[in-house]
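Student: Please take one part of this model and look at it closely. I would like the sheet and the charged pairs around it, in one connected account.

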Amino acid sequence: MKTQLAVGVRELVEHVLRSGDLAMQFTGSSRAAEAVRIHQRIQYSRPDGYLPEVSVSRRVETEDFVLEIGGRIDGVFAGPGRPVIEEIKTTRGSLEESVRSDNPLHWGQAKAYAFLYGVDRGIGDIGVQLTYARLDTGATREVRRQFTLAELAAFFDELVARYLRWASTITRWRRERDISLGDLSFPYAAYRPGQEDMAQAVDRTIREAGRTFIQAATGIGKTMAVLFPAVKSIADGGTAKIFYLTARTTGRLAAEKALDELRTRGLHLKSLTLTAKEKICFTPDGACNPEECDYARGHFDRLPEARCAMFQEDAWTREAVSAAARRFRVCPFEFSLDLSLWADAVIGDYNYAFDPQAYLRRFFLEETAAYTFLVDEAHNLVERAREMFSAELGKQPVLGLRRAVKDALPALYRRLGRINRWMLAARKRCEEAAAPIADRAPPEELLPLLREFLQAAEQWLEKNVKSAFREALLEFYFAAGNFLRVADQFDEAYATCSEAPLQDLRLKLFCIDPSRQIGEAINRCRSAVFFSATLAPMDYFKTMLGCDRADDLILPSPFPAENLGVFVCDRVSTLYRHRDRTKTEIARILRTFVDHTRGNSLLFFPSYAYMRLVLDAFRAAHPGATTLVQEPGMSEARRDAFLAQFETDTPRCLVGFAVMGGIFGEGIDLVGTRLSGAVIVGVGLPAVCLERELIREVFAARLDQGFEYAYVYPGINRVLQAAGRVIRTETDRGVVVLIDQRYGTHPYHSLLPHHWNPVTIRGHDEFCRELQSFWGHR
């Protein structure tokens with residue numbers, strides 16, 4: 001069978017005819033809805049015989065493939081006389097300028113529609129009308145031209161011929177890719193223990209269009225186990241595009257490395273790593289327009305050549321995209337978005353698939369294809385989802401913006417004043433309560449004030465005028481728009497949280513339960529696999545991610561059990577009220593652990609304050625120890641410098657103090673004696689706060705598991721992630737020590753991995769003997 005390709009009329013025209021500059025001008029959040037309303041009003045105003053929304057299509061067949069071209073005409077004047085095709089375009093600019101511009105994309109789209117309509121009905125002459133309409137006033141200007149079918153056919157044939165050159169490239173590529181997939185075998189001589197089971201589960205999930213959660217211990221080879229079957233499924237149509245979604249740089253690098261491994265075995269596959277705009281932009285201090293950015297000037301003129309050049313490579317990493325963008329002088333971010341259309345696999349952050357503000361609309365806005373989501377380190381997605389579906393406003397930005405626009409935009413100044421007065425009253429309420437406040441309803445009186453602000457701000461922002469306050473206005477405009485979007489979703493899964501820190505007001509629409517919305521977002525794909533070393537308990541994650549009926553698989557560690565020693569010190573309390581009393585005992589345990597461990601150690605705590613409290617006691621008990629301490633807000637460079645000090649086979653053993661759930665609590669690989677042990681002080685519970693208490697309240701009422709969902713389950717996953725830093729390869733040996741009375745109780749003990757076989761320590765001498773026995777074992 002010939003390869004089947006499909007392209008919409010608009011996409012076809014833009015691909016072939018788009019040229020000139022990249023100009024990211026502001027368009028209001030309400031523009032799409034307003035444009036639909038204007039379209040409908042114009043269509044309803046047309047005379048009898050007018051046909052709105054007329055579907056047209058045409059198949060173009062070559063020796064190698066079949067191209068299906070289709071689209072929907074805004075309207076056809078099909079009454080007496082020659083028919084006229086109407087294409088409606090909305091604008092906030094001048095109607096006269098719109099007509100004078102003679103926009104080739106607008107005319108190209110209208111003429112293509114006219115040809116498809118005329119050839120299908122055997123019409124020799126046909127009219128083409130562009131109707132421009134002002135979004136604010138509804139005023140219109142019409143431009144009509146007459147064409148013969150022969151003229152339209154010549155235009156359409158040239159349009160298609162130019163596209164066919166690219167389509168031929170795509171077809172040849174896909175044929176080459178599919179042949180390589182047919183020949184592709186697993187890249188290693190044998191599967192690791194558990195790896196084949198995981199790969200088979202992924203294959204079954206894709207074939208059955210299902211959802212599966214997989215907890216696979218470190219060392220199984222999770223990345224290859226998910227990518228290999230997903231890649232293989234492309235050839236038989238089970239997957240149209242893979243989205244490998246990860247929250248961390250380490251996850252991105254692991255996916256890139258796995259695909260490169262498969263390429264060494266003959267795989268031909270285009271993979272793209274999507275990088276956030278602020279991280280890949282060449283001119284971060286300039287706006288995305290030709291006046292301030294050389295890469296925006298003439299971007300579309302150079303894009304086809306850049307695209308063709310990039311197609312000579314298979315791995316479209318951040319570095320490769322940046323290098324090509326510099327070479328051809330195109331915007332690297334927009335270039336990467338263009339490449340995503342042709343990539344077989346897209347590697348990127350969770351937000352490209354799930355975040356309402358950032359998801360890739362070019363793939364997920366309307367009908368979706370056979371996409372496969374591979375969600376790496378899925379234990380992170382619960383809290384990320386809460387962030388994505390929440391919204392927050394502060395009073396200080398309102399006050400600062402109001403001062404900035406006072407003279408230039410008095411109408412906007414007044415609207416911001418109304419918002420500020422509402423926030424003053426809300427702040428006073430918090431101050432009187434002397435505590436943060438939660439309401440289970442949205443702030444109804446604030447919402448119309450925000451809508452008024454958005455409407456006024458849009459009118460000025462769409463003029464794209466430079467000013468000192470423009471960035472601040474844009475920032476608050478988007479924050480207010482997001483707040484209103486979330487308010488529209490407000491239901492029993494939400495609460496309005498207010499607090500008044502330092503004369504400010506922090507107002508948040510907090511998503512207590514993201515399961516409904518994340519579940520809807522997951523429906524953008526045909527199949528989804530969620531995988532991590534820590535998904536305990538499984539039912540918690542399936543519930544919170546809106547996949548109650550998903551399959552699941554738990555795979556134990558592939559490494560020898562005797563390589564990991566797990567010890568539990570359950571006679572020491574780490575409860576907040578006992579910390580000052582027990583810090584000396586904990587410091588003594590830590591000294592024993594450090595003195596009897598071969599290699600470097602990491603000591604994890606639930607908070608910075610507790611870490612510093614025990615650090616002082618430890619230094620007093622062990623003044624000769626070499627310590628390294630995590631600081632809040634460490635940059636990537638400082639993080640790397642911290643890890644670089646964990647050296648291999650050095651007589652100087654390093655003791656690192658870190659926080660659970662932080663940058664050193666997961667996603668780092670310190671192999672061998674670079675890290676020989678970890679101590680986890682406490683059970684990792686998140687700090688008690690208003691938001692956590694709301695989670696507890698909701699899930700206590702719904703599932704009778706309020707404390708577990710708010711504190712225990714998030715905490716134990718922090719513990720397991722921290723413990724997972726110790727054994728990274730089959731030759732690693734190391735020790736994990738858990739310090740807290742609660743580890744001796746069933747609710748916590750039952751959540752520990754079954755393959756751990758923890759030993760409970762009853763005293764100092766016993767601890768010394770157990771450590772000596774472990775390290776003396778061969």
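Tutor: Start with a cut-off: a residue is buried under 20% relative accessible area, exposed over 50%, and partly exposed in between. Keep in mind that this is a predicted model.

Now the sheet. It is open and has four strands, in the order E13-E16-E15-E14. The pairing is antiparallel. Strand E13 (391-394) and strand E14 (437-439) form the edges, and each pairs on one side only. From one strand to the next, the twist averages 15°.

E14 pairs with strand E15 (residues 494-499) in the antiparallel sense, over three bridges. Here Ile 437 stands opposite Ser 498 in E15.

Two helices pack on this sheet. Helix H17 (residues 410-433) touches E13, E14, E15 and strand E16 (506-511). The direction of H17 makes about 120° with that of E14. H19 touches E13, E15 and E16. Its direction makes about 135° with that of E13.

Next, the charges. Side chains of opposite charge can pair when their charged atoms come close. Glu 499 and Arg 506 do this: their side chains meet in a salt bridge, 2.4 Å from N to O. Glu 499 counts as partly exposed, at 26% relative accessibility. Arg 506 is partly exposed too, with a relative accessible area of 25%. The pair belongs to a network of salt bridges that links Glu 392, Glu 499, Arg 506, Lys 508 and Glu 691.

Follow the chain to the loop between helix H18 (446-461) and helix H19 (470-489). Lys 466 forms a salt bridge with Glu 292, with the closest N and O atoms 3.5 Å apart. This pair links distant parts of the chain: Lys 466 sits in that loop, while Glu 292 lies in the loop between helix H9 (277-280) and helix H10 (299-310), 174 residues apart. Lys 466 is exposed, with a relative accessible area of 62%. Glu 292 is partly exposed, at 32%.

For another setting, take Asp 120 and Arg 121. Their side chains meet in a salt bridge of 3.3 Å, N to O. Asp 120 has 54% relative accessibility, so it counts as exposed. Arg 121 has a relative accessible area of 40%, so it is partly exposed.

The total count comes to 46 salt bridges.

Conventions:
Residues numbered from 1 in each chain as written. Predicted model: local features only at pLDDT ≥ 70, side-chain atom pairs only at ≥ 80, totals over all residues. Heavy atoms only, no water. Salt bridge = Lys/Arg side-chain N within 4 Å of Asp/Glu carboxyl O. Buried < 20%, exposed > 50% of the residue type's maximum accessible area, 1.4 Å probe, protein only. Pairing = 2+ DSSP bridges. Axes fitted to C-alpha atoms, helices over the stretch in contact; angles between N-to-C directions. Contact = heavy atoms within 4.5 Å.
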